[in-house]
Amino acid sequence: MSIRLGPFTLDHPFILAPMAGITNSPFRRLMRRMKSSMVVSELVSANGIEYGGQKTLDLLRFHEEERVVGLQVFGERTENLVKACQVVERLGADFVDLNLGCPVPKVVSKGAGSAMCRNPSELGRVLAEMVKSVKIPVTIKIRTGWDANSRNALDVVNAAADAGVTWVAIHGRTRAQGYSGLADWEFIARVKEKSPIPIIGNGDIHTPEVAVEKMRHYGVDAVLIGRGALRNPFIFEQAAALWAGESYLLPEASRYIALIDEQKKMLHECYPARSAMIHARKFLAWYSSGFPGCHEFRGKVFATPDPDVLWEEARLFFEKSAKERDLRFMAQPFLMGGHG
Ligand SMILES: Cc1cc2nc3c(=O)[nH]c(=O)nc-3n(C[C@H](O)[C@H](O)[C@H](O)COP(=O)(O)O)c2cc1C
């Protein structure tokens, strides 16, 4: 049940959403192995790329195994955005995505992120410059609008289509909503109906069943799954199975253990020990939610200073607990802040 998205043929329409501080190269690689049908980096500053600082360049690194892989940029200056597109192309990424959904005051106060969508015709000119400057597809990720009184996503989509943008991903909340309330999928569907280019829907997909329901019910070309993949890293393969008309088995303890072993290896390959620990703690806490004893396990994870003890505790936890998960945990709100 493959799909076409611009020039790419993907195995299915379930895609990991970009998340700053989370969807780094090792996690994107892991999620490609777990069958996310493509991946995109977290937002990277176009002004930072112009500066060429090491931290910024590190964020642009990706592994061949990640393909199809996009790098996401943000910024308010057309000349820097154009240069950023060219750097992304030179680095060999498959597409460049512009973040137009970030609601964070530090970003929008400069006129970047979701602020750029307030004036679709001006945005269209910037996008046209970006598209003209590279051969790889330029894509965008937006919100439904600035606030409830200005949900102008369709105007943004039309301006983007005229500029030659390949697809638009829509997080179904306004900038003013931040992460509160629910994503408005009816609104996304109405934009999709009138859009001349592919639309990827996004927001509040916590289970594989909901992922497939969003695809079928709202007619979008694909969906992005963010936080749902943190509590259930198997969500892509499960959704793909349902999409293909098959069922899926809940993962056994051995699959969690194999997953954390792979993640441990990748984190330690990519980061110094201290940073690897910081990342490991977050992921282990998310993966454990809903399993018996998860609160106690999290306490241990955040208290242990020794990486070997940490991973061993994790192994023991999943061996013992990855049987009866309380799936009500999946829909509980968490991580209510981010850059898109
Ligand atoms: C911690 C965090 C960081 C995020 N960082 C980014 C980002 O760098 N770029 C972006 O376009 N969206 C970012 N987002 C937004 C997500 O891609 C997604 O639109 C949002 O979380 C809603 O989808 P979900 O309900 O499936 O998580 C971030 C979200 C979170 C929670």
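## A buried asparagine and the chain around it

Asn-24 is buried, because 22 other C-beta atoms lie within 10 Å of its own. Here is the rule: a residue is buried if 20 or more other C-beta atoms lie within 10 Å of its own, exposed if 12 or fewer, and partly exposed in between, with C-beta atoms placed from the backbone. You will find Asn-24 in the loop between S3 and H1.

Before going on, a word on what you are looking at. This is a predicted model, in which local features need pLDDT of at least 70, side-chain atom pairs count only at pLDDT 80 or more, and totals for chains, interfaces and linings use all residues. Residues are numbered from 1 along each chain as its sequence is written.

### The whole chain

The chain has 15 helices and ten strands; helices (H or I, at least four residues) and strands (E, at least two) are DSSP runs, numbered from the N terminus. Its radius of gyration is 20 Å, close to the 20 Å that the globule rule gives for 340 residues, so the chain is as compact as a globular protein of that length. That radius is taken over C-alpha atoms, and the globule rule is 2.2 Å times the number of residues to the power 0.38. Along the principal axes, the C-alpha atoms fill a box of roughly 55 × 45 × 35 Å. Of the 340 residues, 47% count as buried.

The chain is divided into two domains, whose bounds come from an automatic or database domain assignment.

| Domain | Residues |
|---|---|
| Domain 1 | 3-243 |
| Domain 2 | 253-321 |

Their C-alpha centres lie 29 Å apart. Seven residues of domain 1 are in contact with nine residues of domain 2, where contact means C-beta atoms, placed from the backbone, within 7 Å. On the side of domain 1 that touches domain 2, H1 gives the largest share, four residues.

The largest nonpolar core has 99 residues, and Val-73, Val-96 and Ile-225 are among those with the most contacts inside it. Such a core is a set of buried Ala, Val, Leu, Ile, Met, Phe, Trp, Tyr and Cys residues joined through C-beta atoms within 7 Å. Domain 1 and domain 2 both give residues to this core, so it lies between them. Leaving aside neighbours within four places in sequence, Val-96 is in contact with residues including Gly-70, Val-73 and Val-138.

### A buried arginine and a helix

Is Arg-143 buried or exposed? With 29 C-beta neighbours inside 10 Å, Arg-143 counts as buried. Arg-143 is found in strand S7 (residues 138-145). Not counting residues up to four places away in sequence, Arg-143 touches Gly-101, Ser-114, His-171, Arg-173, Thr-174 and Arg-175.

Helix H11 (residues 235-243) has the buried residues Ile-235, Phe-236, Gln-238, Ala-239 and Ala-240. Among the elements that cover them are helix H1 (25-33) and strand S10 (222-225). Just after H11, Gly-245 takes a positive phi of about 85°.

### Around the ligand

How many residues surround the ligand? There are 24, and the closest are Ala-17, Gly-226, Arg-227, Gly-338 and Gly-340; a residue is near a molecule if its C-beta atom, placed from the backbone, lies within 6 Å of it.

Notes: Two residues are in contact if their C-beta atoms, placed from the backbone, lie within 7 Å.
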